[in-house]
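Please keep the sequence and the model in view while reading.

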Amino acid sequence: MKRLLVTGGAGFIGSEFVRQGVRKGYGIILADSLTYAGDLLRIKEFEKEISFHKISVTDRDAVEKLFIAEKPDAVVHWAAESHVDRSIMDAGPFIDSNVKGTSIMLDAARRHGVECFVNVSTDEVYGDLDESGSFFETTPLNPSSPYSVSKASADMLGRAFHRTYGLPVITVRPSNNYGQWQYPEKLIPVVVVKALRNESVPVYAQGLNVREWLCVSDCADAVFRILEKGKAGDVYNIGSGEERKNIEVVKEILKILGKPEDLIKFTKDRPGHDFRYSLNSGKLRKELSWSPSTDFGSGLNNTVEWFLSNINWVNAKIAALQEYWSKAYS
Ligand code: TYD
């Protein structure tokens, strides 16, 4: 399995997967349509080693030509619209990219034959939990937002292609990722960037919702383990065990930055806001001997450090961000 077709490889998590893949000696074929959240700067250090194609997974003809030209051995399908708040504003792009795009990728992989198709899903397909319990791979899907419904649909399409056509699909369901290069629409980079600009930091409701935070390098590392050692047709949760209330995360970032807590502004809640996510990752840990290597404390410190050192990257995006933030936090 030498030549990997990586969709969404210019995105936040996909690009970490690409960087690790090049270092591991894989041939990387990168397909990305470079939406607002995609950026080739993320993989600039390896641009000579990568075969890049600016195509959308929703473009059936372009995907077909790509498979003919590049003949990948395996597909790792990261490409997706990923932000819950945007899906609440407009579900359309989520259905296009996540549902239609995944069906086009699965169909091309089936017709051209690949050794493995890793379908990247999310813990959000399970719905939410109250204070207790965790999601297992066998937990029924019960998604809440237009985003998580689109991902659950893509997840089920992968299941159908395995069962119906025997395509060797493996489904991965990671928890919330954080780390370098994350686009500042998600909680952690929003807090860092807004606090650095001494702007108010929006926390939905009372900030009591809980997320399980997984460092992006650990997530990509887990997906390589699953690609190399996982079983076709199986599902693997990828979690860190590092659960935090949003307000705890926000206060920790402000502390690292030396900014006052009165920057926090409690805002109206997200409609349909999932209360808590928690993954049981025992299967990945026991069967594939994987464990995360970054604890949340040091991972968060490194992430804030990264944003401080790369603030020019954020500044280059600030016009688009301002426009989005003014809609999201109005
Ligand atoms: P987010 O990073 O959007 O990821 P997801 O919705 O996929 O979990 O949000 C993480 C949590 O932080 C979620 O409970 C919503 C909350 N949140 C805020 O309180 N303020 C914000 O500005 C954002 C973007 C999220």
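**A guided reading of the model**

Phe 135 is buried, because its relative accessible area is 3%; buried means under 20% relative accessible area and exposed over 50%, with partly exposed in between (1.4 Å probe, protein chains only). This is a predicted model, in which local features need pLDDT of at least 70 and side-chain atom pairs count only at pLDDT 80 or more, while totals for chains, interfaces and linings use all residues. Residues are numbered from 1 along each chain as its sequence is written, and side-chain values use heavy atoms, with hydrogens and water left out.

The chain as a whole comes next. It contains 12 helices and 12 strands; helices (H or I, at least four residues) and strands (E, at least two) are DSSP runs, numbered from the N terminus. The radius of gyration is 19 Å, close to the 20 Å that the globule rule gives for 330 residues, so the chain is as compact as a globular protein of that length. That radius is taken over C-alpha atoms, and the globule rule is 2.2 Å times the number of residues to the power 0.38. Along the principal axes, the C-alpha atoms fill a box of roughly 55 × 45 × 35 Å. Of the 330 residues, 55% count as buried. Among contacts with a separation of 6 or more, 80% join residues 24 or more positions apart, where contact means heavy atoms within 4.5 Å.

The interior may be described through its nonpolar cores. A nonpolar core is a set of buried Ala, Val, Leu, Ile, Met, Phe, Trp, Tyr and Cys residues joined through side-chain atoms within 4.5 Å. The largest has 35 residues, of which Leu 4, Phe 17, Trp 78, Leu 227 and Ile 238 touch the most other members. Elements giving two or more residues to this core include strand 1 (3-7), helix 1 (12-24), strand 2 (27-31) and strand 10 (235-238). Helix 7 gives the most, with 8 residues. Apart from this core lies another, of 33 residues, including Leu 263, Ile 264, Phe 307 and Tyr 324.

Helix 7 has 14 residues and reaches 20 Å from its first C-alpha to its last, close to the 20 Å expected at 1.5 Å a residue. The expected span is 1.5 Å times one less than the number of residues. Among the buried residues of helix 7 are Val 216, Phe 224 and Leu 227. Phe 224 also forms one aromatic cluster with Phe 17, Tyr 26 and Trp 78. Helix 1 holds Arg 19, which counts as buried because its relative accessibility is 2%. Leaving out residues up to four places away in sequence, Arg 19 touches Arg 42, Ile 43, Glu 45, Phe 46, Gln 180 and Trp 181.

Helix 5 (residues 146-165) has 20 residues and reaches 28 Å from first C-alpha to last, close to the 28 Å expected at 1.5 Å a residue. Its buried residues include Tyr 147, Ala 154 and Phe 161, and what covers the buried residues of helix 5 includes helix 3 (84-89), helix 4 (92-112), strand 5 and strand 6. Ser 87, found in helix 3, is in contact with Phe 94, Ser 145, Pro 146 and Tyr 147, leaving aside neighbours within four places in sequence. Just after helix 5, Gly 166 takes a positive phi of about 75°.

Rings of Phe, Tyr and Trp (its six-membered ring) pair if their centres lie within 6.5 Å; planes under 30 degrees apart count as stacked, over 60 as edge-to-face and the rest as tilted. The whole structure has 14 such pairs. Phe 94 and Tyr 147 form an edge-to-face pair, 6.3 Å centre to centre with 80° between the planes. This pair links helix 4 and helix 5, its residues lying 53 residues apart in the chain. Tyr 126 and Phe 135 form a stacked pair, 4.8 Å centre to centre with 20° between the planes.

Ala 205 has a positive phi near 55° and is found in the loop between strand 8 (201-204) and strand 9 (210-215). Ser 289, with a positive phi of about 50°, is placed in the loop between helix 9 (282-287) and helix 10 (296-309). Ser 289 is exposed, because its relative accessible area is 57%.
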